[in-house]
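Here is a short briefing to read beside your model. Take a moment with the sequence and the fold before going on.

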Amino acid sequence: MPVAASAIYFLNLRGDVLINRLYRDDVGGNMVDAFRTHIMHTKELGTCPVRQIGNCSFFYMRISNVYIVIVVSSNANVACAFKFVVEAVALFKSYFGGAFDEDAIRNNFVLIYELLDEIMDFGYPQNLSPEILKLYITQEGTRSPFSSKSSEKPVPNATLQVTGAVGWRREGLLYKKNEVFLDIVESVNLLMSSKGSVLRCDVTGKILMKCFLSGMPDLKLGLNDKIGLEKESQIKSRPNKSGKTIELDDVTFHQCVNLTRFNSEKTVSFVPPDGEFELMKYRITEGVNFPFRVLPTIKELGRTRMEVNVKVKSVFGAKMIALGVIIKIPVPKQTAKANFQVTAGRAKYDSSIDCLVWKIRKFPGQTEPTMSAEVELISTMGEKKTWTKPPIQMEFQVPMFTASGLRVRFLKVWEKSGYKTVDWVRYITKGGSYEVRC
């Protein structure tokens, strides 16, 4: 269920009430005394932001030198309550010139009461968008002399913005060139054995968009995900011939995505915000195409010498090039120096992180560069402790490659004026936690 707040209090660090608003009559006006007595005057203030005293629960958060406390008398969604607090603070800052503290509250009592009446109705959160609220609450807050005044322009057609479903985009946008930029950015998290077998692997990805489109366009994005293609083949009454399909896990969307259409048709349809935004996030656990295979061999030759050989094979296509590849091979703390032989890039010993660092600026696909190093160790008089070999770590960036295999099948833009658009699609795969055991 939603928040259903009974009251909201703004307190300073001493516990004095700066401002409060009662939304329901199911709690008494002395609830703030219980908060001061049982939470603020004890050592439990910073332990947990949710406390239950009697039949009431207190959700509280400290912003600067102000505590915001929400009191509820029934079971409520805690995450929704804290989300409300965060967005309410952002709203107040937009009115107060970027400041939210005790002085800002004391200087803007009337405005805060008016905003509290708009953003919460009978304890239920309402619209907290600064762009929309400023259309009909035009009073300016008392700004701090150190804050910069915003140069926001008024948004036309307030009725549509307030009552419509497109609160994230204003009408009347006009561009000479209508363009859409779409980036699929993925991070590979991998743990590989020294023999090249995969022990753990997953991919986290996000689709970033930058839209410069006139009017109120409707976009439709098609991906090669399994659910979407199966639904499309059912609609068209013929088997799918679109090639490889992938299964997306833990998908989350931007608020602009039409979830009703996604649930029924499995297509990503949306009216985009203007400018840059994150359309969706996802995770892949099956069928991951990892871009590199690392094969290390480390031999300890007595107490004072080690031999390190590392081969790195790029698994992606020969026409692709990885950029900024860095391989970090751990060595013991008593390392004195290392002599290298590499077939590509440069290598050195970095004593600050106890690693041999091998850097390759451009790494072509389907190649197997190698690095050999003779490591000299400082001999110690005491007993030699067994060296626990940390895993090799790798950093990289591979343009136009996706470890998940996710691809954009189509990106359709419809707008009533019928203008033409230019679409740009880019794929980038990065190394998240890419580790190989020695």
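A residue is called buried under 20% relative accessible area, exposed over 50%, and partly exposed in between (1.4 Å probe, protein chains only). This is a predicted model, where local features need pLDDT of at least 70, side-chain atom pairs count only at pLDDT 80 or more, and totals for chains, interfaces and linings use all residues. Residues are numbered from 1 along each chain as its sequence is written, and side-chain values use heavy atoms, with hydrogens and water left out.

- With a relative accessible area of 61%, valine 110 counts as exposed.
- Helix H4 (residues 109-119) holds valine 110; helices are DSSP runs of H or I with at least four residues, strands are runs of E with at least two, and both are numbered from the N terminus.

**Asparagine 12**
- Asparagine 12 sits in strand S1 (residues 7-12) and is buried, at a relative accessible area of 0%.
- A polar atom of the asparagine 12 side chain is 3.1 Å from the backbone nitrogen of arginine 14.
- Beyond four places in sequence, asparagine 12 is in contact (heavy atoms within 4.5 Å) with residues including Leu18, Met40 and Glu102.

**Confidence**
- The chain's average pLDDT (the predictor's confidence in each residue, from 0 to 100) is 84, and 87% of the residues score at least 70.
- Over residues 147-164 pLDDT stays under 50, and the model has 26 contacts for them beyond four places in sequence.

Methods:
Polar contact = N/O pair within 3.5 Å; in protein donor to acceptor, adjacent residues only side chain to side chain.
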